[in-house]
Amino acid sequence: MFSCKLFGAVAGVAVAALSATGALAQAKDKIKVGFIYVGPVGDHGWSYQHDQGRQAIEKAFPGKVTTTFVESVPEADSERAIEQLARTGHDLIFTTSFGFMEPTLKVAKKYPNIKFEHATGFKRAPNLATYAAKFHEGRYIIGQIAGKMTKSNTIGYVGAFPIPEVIAGINAFYLGAQSVNPDVKIKIVFANTWYDPAKEGDAAKALLDQGVDMLAQHTDSPAPIQAAEARGKFGFGQASDMERFAPKAQLTAIVDNWNDYYVERTKAVLDGTWKSQDVWGGIDSHMVVMSPYKNMPDDVKKLAQETEAAIKAGTLNPFKCPVIGQDGKEIECKGNGALSDEQVLGMNFYVKGIEDKIPQ
Amino acid sequence: MTIFEAILLTIVTASTPLLIAALGELVTERAGVLNLGVEGMMAMGAACSFAAAVSFDSTLLGVAAGILAGAFMAALFALVVLGFAANQVGSGLALTIFGLGLSGLIGAPFVGARRDPIPHVDVPILSDIPYIGRLFFEQDLFVYASFALTILIAVYLTRTRSGLTLRSIGENHTSANALGLPVLRTRFLAILFGGACAGLAGAYLALVYTRFWSPGMTAGRGWIALALVVFAAWRPGWLLIGAYIFGAATVLQLHAQAAQFGVPSQVLSAVPYLATIIALLLLSLRHGRAIGAPGSLGTPFVPDR
């Protein structure tokens with residue numbers, strides 16, 4: 001107890017000294033962590049997985065950390081919700097959708113002593129860090145599975161919006177399929193919503209009606225994979241393991257795993273070591289997890305496992321150069337043997353072999 | 001099944017919940033009450049129908065629960081706007097927010113559960129008509145119910161004494177009251193009916209359309225139903241046309257994307273709204289006279305004492 005107090009006193013002096021120079025690093029006993037979700041926690045997709053991360057924090061620091069969340073926050077109206085958390089004594093605030101970027105930045109500037117973390121964005125500040133996951137790594141794997149397993153030689157993709165994150169996913173998926181099946185065709189439908197189960201299902205049905213037998217999705221509800229199940233076709237879970245919605249159709253799912261990252265960042269605030277940074281984790285850092293490979297022949301399963309291992313080991317990059325654009329021209333290679341992170345994060349072209357055009 | 005038939009089938013599924021919910025709201029508004037809570041009542045219908053269907057393993061009980069849930073929400077609304085003559089716009093918005101929240105709470109234990117598809121019922125002979133036969137006579141019971149409801153409401157509003165009473169109360173509640181017509185009672189029943197329809201539409205969404213529950217799954221369909229009532233100029237027949245144009249445009253734009261027609265998906269996504277508005281505008285222009293909202297729509301009625 002005594003040493004504890006002594007430590008507190010010393011820390012206090014240190015803080016006083018540090019704060020004079022503007023660098024405030026302070027260990028804390030008790031903190032409040034807040035979350036802003038774009039969808040409902042029950043969506044069984046994107047927001048659900050972020051909430052799993054929140055629960056992981058509660059488990060990791062019993063009694064030390066309290067968490068709160070605000071769900072279904074419209075992107076256009078998020079500033080109020082973020083500011084509300086800032087005003088009610090939160091020390092660390094995670095805003096978990098790309099559309100929260102500007103509002104988060106605005107509130108972060110207003111409250112310099114609160115730490116902010118924004119998912120999938122690119123604007124940072126001394127108290128605003130960004131983080132995202134390389135989901136395209138998982139999409140390359142499911143592309144290979146789809147390319148191997150398709151009988152109609154046509155695979156389908158339900159996208160939310162034609163934004164770089166989704167485009168990169170489509171390209172990675174198609175490149176994966178092409179790597180094992182050079183003349184495979186892809187059909188793409190944008191639902192223009194992240195979350196509308198009925199419409200996502202209709203989009204999936206439209207693809208299935210037009211001869212697609214492998215269905216990948218980049219929208220948040222299990223409706224597309226369920227549509228595949230109803231037609232006896234195959235699909236891939238998005239964001240969380242959707243096996244219970246489609247036990248026969250789900251080949252695997254790309255699971256977002258924010259748990260480790262959230263626990264680590266909360267600990268950093270507790271320890272006073274939090275710094276603004278930009279993290280982009282993939283399969284190697286467990287931010288992207290593949291759920292068990294099922295409903296597929298052994299050789300396909302083996303291929304998927306090998307690809308996963310290669311990506312994890314860093315020997316395989318879905319966007320390894322040369323990457324050929326739709327017009328047949330090679331994309332300039334700005335990274336080290338592969339497209340650079342910036343090129344992937346800002347991707348606005350389809351690769352060769354995709355016949356559709358990106359809606360502009 | 002040809003692709004043409006497949007598309008038509010999806011269109012029917014997409015249009016039915018809109019039609020059912022909008023029909024209920026149409027009756028409510030014809031009685032002079034504006035209930036903006038359709039989205040909330042629909043969400044409650046979806047949550048309660050799914051919860052009951054899973055708990056008792058019965059689609060029928062699920063549907064009953066959905067209808068009751070919608071009617072229950074409507075009863076709360078009626079208490080506020082009729083009993084206390086509160087502002088209908090504010091109360092309706094509150095009902096939507098309340099319904100979306102409460103449905104999330106009720107549905108929470110059932111997130112992740114799933115239901116099997118409900119059987120389709122063939123109408124003999126009629127289902128053999130090429131194209132439209134399979135489209136309209138090889139459907140689930142909800143679809144038949146939505147057609148029957150459209151006809152019944154049209155007949156009720158134009159051909160029955162009680163329907164005339166309801167409309168006159170909607171047009172001018174003071175005069176109707178002076179004539180001794182039961183304004184509050186009629187409105188109460190009309191609100192309940194609207195809620196029951198919204199609940200049924202929600203049940204369709206959860207039990208047939210998606211076959212799972214997740215919070216917020218109505219995704220704005222209640223608002224579209226509200227808009228349809230306005231664009232259909234409070235006519236059941238036009239409402240049927242409007243709902244199907246909207247459903248068709250929604251589904252066709254997805255097919256257009258999959259077929260790679262090269263039209264931007266953002267433009268295609270706007271098509272359902274544009275097509276419905278234009279079609280119903282043309283329809284009302286052809287009829288030559290402006291058809292306005294019921295005269296007393298949205299005005300609270302306070303009886304003289």
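Visitor: Which residue just after α9(B) takes a positive phi of about 60 degrees?
Guide: This is a predicted model, where local features need pLDDT of at least 70, side-chain atom pairs count only at pLDDT 80 or more, and totals for chains, interfaces and linings use all residues. Residues are numbered from 1 along each chain as its sequence is written, while chains are lettered from A and ligands numbered from 1 in the order in which they are written. Helices are DSSP runs (H or I, at least four residues) and strands likewise (E, at least two), numbered from the N terminus. The positive phi just after α9(B) belongs to B:R211.

Visitor: How many residues of α9(B) are buried?
Guide: Buried means that 20 or more other C-beta atoms, placed from the backbone, lie within 10 Å of the residue's own. α9(B) is mostly covered. Of its 27 residues, the buried ones number 24.

Visitor: What does α9(B) reach from its first C-alpha to its last?
Guide: The expected span is 1.5 Å times one less than the number of residues. For the 27 residues of α9(B), 39 Å is expected. The helix comes close to that, at 37 Å.

Visitor: Which helix supplies the largest share of the side of chain B that touches chain A?
Guide: Contact means C-beta atoms, placed from the backbone, within 7 Å. By that rule, 34 residues of chain B meet 35 of chain A. α1 (3-30), α9 (183-209), α11 (236-258) and α12 (265-286) of chain B each supply at least two residues of the chain B side. The largest share, 6 residues, comes from α11(B).

Visitor: Which helix of chain A gives the most to the side of domain 1 that touches domain 2?
Guide: An automatic or database assignment sets the domain bounds. Chain A has domain 1 (28-133) and domain 2 (136-256 + 290-345). Between them, 11 residues of domain 1 are in contact with 12 of domain 2. With 3 residues, the top contributor on the domain 1 side is helix α2 (residues 46-60) of chain A.

Visitor: Which strands stand at the edges of the chain A sheet?
Guide: Two strands pair if DSSP finds at least two bridges between them. The open sheet has 6 strands, paired parallel, in the order β2-β1-β3-β4-β5-β11 (chain A). Each edge strand has a single partner, so one of its sides lacks a neighbour in the sheet. These are β2 (65-70) and β11 (278-281) of chain A.

Visitor: What is the bridge partner of A:F116 in β5(A)?
Guide: Strands β4 (residues 115-119) and β5 (residues 128-133) of chain A run parallel, joined by 4 bridges. In β5(A), A:F116 is partnered by A:L128.

Definitions and conventions. Two residues are in contact if their C-beta atoms, placed from the backbone, lie within 7 Å. A residue is buried if 20 or more other C-beta atoms lie within 10 Å of its own, exposed if 12 or fewer, and partly exposed in between; C-beta atoms are placed from the backbone.
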